[in-house]
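Me: Please take a close look at a single part of this model. Keep it brisk.

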Amino acid sequence: MKKAILWAPLAMFLIFAAMVAGKLYAPGDSSIVSHMVGKPLPAFALPAGMPDRPGLANTDFAKGKPRLLNIFASWCVPCAAEAPQLVELRKAGVEIDAIAIRDRPEDIAEFLKRYGDPYARIGSDANSSVQVAMGSSGVPESFVIDGQGIIRHQHIGDIRPENVPDILAAIRAAQ
Amino acid sequence: MKPKHQRLTLALLALAAIVGATLLAMSALRDQASYFYTPGDAIRDHVEPGRAVRLGGMVAGGSIRRAADGVTIDFVVTDGKQSVPVRFKGIVPDLFKENSGVVAEGAFDAGGTFVADTILAKHDERYMPPQIAGEMHKSESLKK
Amino acid sequence: MIAEIGLAALWLAAALAALQFVFGAIALYQRDMTMLRGVRAVAVVQALLTATAFAALILVFLRTDLSVSLVAANSHVAKPWLYKFAGTWGNHEGSMLMWVTILALAGGAVALFERRLEDRTLIATLAAQATIGLGFYAFLLFASNPFDRLDPAPAQGNGLNPLLQDPGLAFHPPTLYVGYVGLSIAFSFAVGALVTRDVGAAFARAMRPWVLAAWIFLTLGITAGSYWAYYELGWGGWWFWDPVENASLMPWLAATALLHSVTVLATRDGLRAWTVMLAVVAFSMSMIGTFLVRSGILTSVHSFAVDPRRGAFILALLAIYIGGALALFALRVGTVREGSRFDMVSREGSLVANNLLLSAILGIVLIGTLYPLGIEALTGGKLSVGPPYFNAAAGPLALILVVVMAAGPLLRWRRDELRALARRLAVPAIVAVLALVIVLAVLPRAHLLPSLGLILAAGVAVASVAPLWKRNLRRTPLFTWGMVIAHLGIAVSLAGMASESAFTQETLVAARPGEVHGVGPFAVRFEGVEPVAGPNWTALEATLTATRGTGAPMEMRPQARAFWAPPTETNEAAIRTLWDGQLYTVLGKQAEDGRWQLRLWWKPFVTLIWAGGALVAIGGALSLLGRLLRDRRAAQRGKEWWE
């Protein structure tokens, strides 16, 4: 009895540690999944984020081929971290458009010069309204849009090298 | 009392205190822990009025109404299938907008309206290093 | 270059920590105490190297060297220098390095200054401290390197969270960390004493100043943190039972219990096993609390935040250190002789009650903090545990604890009479009854807990100064003064909390310029809103004029600030401190019809909360000073005083 009491603190700690370990390896998915997945893009028409290419509207997507829509900002460090993966996707033939959140043309230009430029079109969303309409709650996020303009896949957070195959698979599935 | 007995008494007292605290904690938790509901869950489970819960969903488009006093707002939280009317008195966070995610803390009143005393809006810069996330935890909600 | 020097210093320090452990183990194994000098020297050099690494990181942040990825992610060229400086620890890697630096400095301080502990136990203690250090060096070097380079370097940097751009950040985390990590000394002492089976009064007297010092910093850190949350968040609350706050409260509760039980061990040679246990628990709580929060396990609203590799590393370290210490405790404590006995009605008895109550409160806070985690693991349900739980479960116990605190110092050691105690408590009891009458008269419908708090605060304030009654104040030892002031501080703080909870008045309106709104005894005139600009933000600033009765008008300027790097908005409350409370104003949003939302609070005597906290820390400091002075005098007289 006495001995058992002495080991009780250790036992309690081990239960606690097991619980935390379980949580670590099965992290609760607390990211906010957009309700828009499976639905058509909301109507929007954004002005150009940079002078050298057109802005972005929802009508640009319903043209028969799937496209990747990347929501980013030049002030966001994870966006810089995912840039090489976007360039890689572009090389693999994925058409990529972007929505820049609360950004300035000169900052976007600087960002693209530094980290690579995979974008065909860039729309400027100065007050996050399109982002919100898309059901996105942070930057970066990426959406796979199929040829009919329907949102097929949402990727929350930066695209890491290990996510590239998932994105490619989602693009293929959207053909 | 012999030292040995005293030691046993102390050990038992400590045990009693720990068990007591645990029981107290558990009973309080049953009453006070606020569960997270979506509108669908809340309607299905018939959350009793007055019980502190969190309600999460999207602010339905076109549903925000401001009362004449300038500080009370009414809106509808929806999960796409079901919706719940919500009333909140206070200063809403910057990111509180129609068609965006929201988490409200509060309780249902007898009429089925969710009276929120805190509105948590999702923060724009979600992808920040974890340590700041820890500090930011506070800033994500705007009390009352 | 600077970053490389820092990294090299860190590697060297890790190597020395390994050396310190090996030396210590050999010395213990061969019973060769001549190695003590060597172990001491290694510990000091290790501390200096780690401090060098930390200094290097500070320098890198001050120069905003954006080629270091940590700086790029957390700093910005357009940031005032104080925030560049504080930005060093406003992030995961930097705060971990600060953590390790304090750990090494604490070990170095023990090596330099500890002269009372038996040589064997001291060697074991330093070896234990080195073992803790080793694990966290490994974490920094392999999983969380603060000196990592970024190629190519960005032009501007990401910026520091605006909420963290506050002078408070420069001082608050370091203070708290000194407290958390200072408790590692108690942990290492306990492990050392378990290894050598040397748990006794002399051990307790050696450990006490170190515990006291860490506890003072913890108290200051928590008090400052509470005030920071109060004025910076603009919600008018001073404690939110947020996991971050609980992480600081739990070690404080354990350390407070330890502080009192170590006194029993030092004075009466009782509660040996319990004291050792508390020493282990106190630092374990620091580690668990810090890492639950820092690893993002508890506040994982941010999916990006959890890096399982880092979390697993930290968890493994926790399992080794805490699990190891608890296993050592279970194995060894049976062989520790129990000390002398005492009556239940005695100073020792009251200290036991203090310990049990503090432990129970600690348990309640711990359960509440971990409950959502457990439920999610078991049922997958998501829930949050907030103030209603903590107040309902911990509040009553805290009030009982305060009563014990009033009675304890008035009891004699070993044994005492209940009737004698009742006589000594007569005056405080009368004061409490008077307070009860006043509270009933002023506030017939106040809530139970705040009313009880006010009544108890009055009685306990009197009781806590009662130990000075009929004493020659000039010959009263400094540490008795310390105890009296610390206990008085608790009463003062309790009065502030109860008053804030019972008397706060609030007005929430949408106002047009020129309108006057009342809050408490004040009439607040809304003059208008103007834009203003700061170094890295722009703001809308309201001008308010508050008058009470016929007093002079006071101008207040709450702001709604918008930062641009990163883009975030904050509310800067305007707070006016008066002798009898604070007027607290917040500017909200503009409604469609052009009116501005204003939130006004009148919080009578709210400042007492933090004044009390400061008193508690001052009491601790006096007590520490008193102990150190007495030891020095004893040392000058020769060693016989404690031997």
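In chain B, where is confidence lowest and where is it highest?

Reply: This is a predicted model, in which local features need pLDDT of at least 70, side-chain atom pairs count only at pLDDT 80 or more, and totals for chains, interfaces and linings use all residues. Residues are numbered from 1 along each chain as its sequence is written, chains are lettered from A and ligands numbered from 1 in the order in which they are written, and side-chain values use heavy atoms, with hydrogens and water left out.

Confidence here is pLDDT, given by the predictor for each residue from 0 to 100. In chain B, the lowest mean is 30, in strand β8 (residues 141–143). The highest is 91, in strand β5 (residues 83–89). Across chain B the mean pLDDT is 73. A value of 70 or more is reached by 76% of its residues.

Where pLDDT is low, the predicted coordinates should not be read in detail.

Next, the fold. Chain B has 3 helices and 8 strands. These are DSSP runs, numbered from the N terminus: H or I of at least four residues for helices, E of at least two for strands. Along the sequence the pattern is α-β-α-β-β-β-β-β-β-α-β. For contacts between residues at least 6 apart in sequence, 48% join residues at least 24 apart.

Last, the surface. Chain B has an accessible surface of about 6400 Å² (Shrake-Rupley method, 1.4 Å probe). Carbon and sulfur atoms hold 58% of that.

Conventions
Contact = heavy atoms within 4.5 Å.
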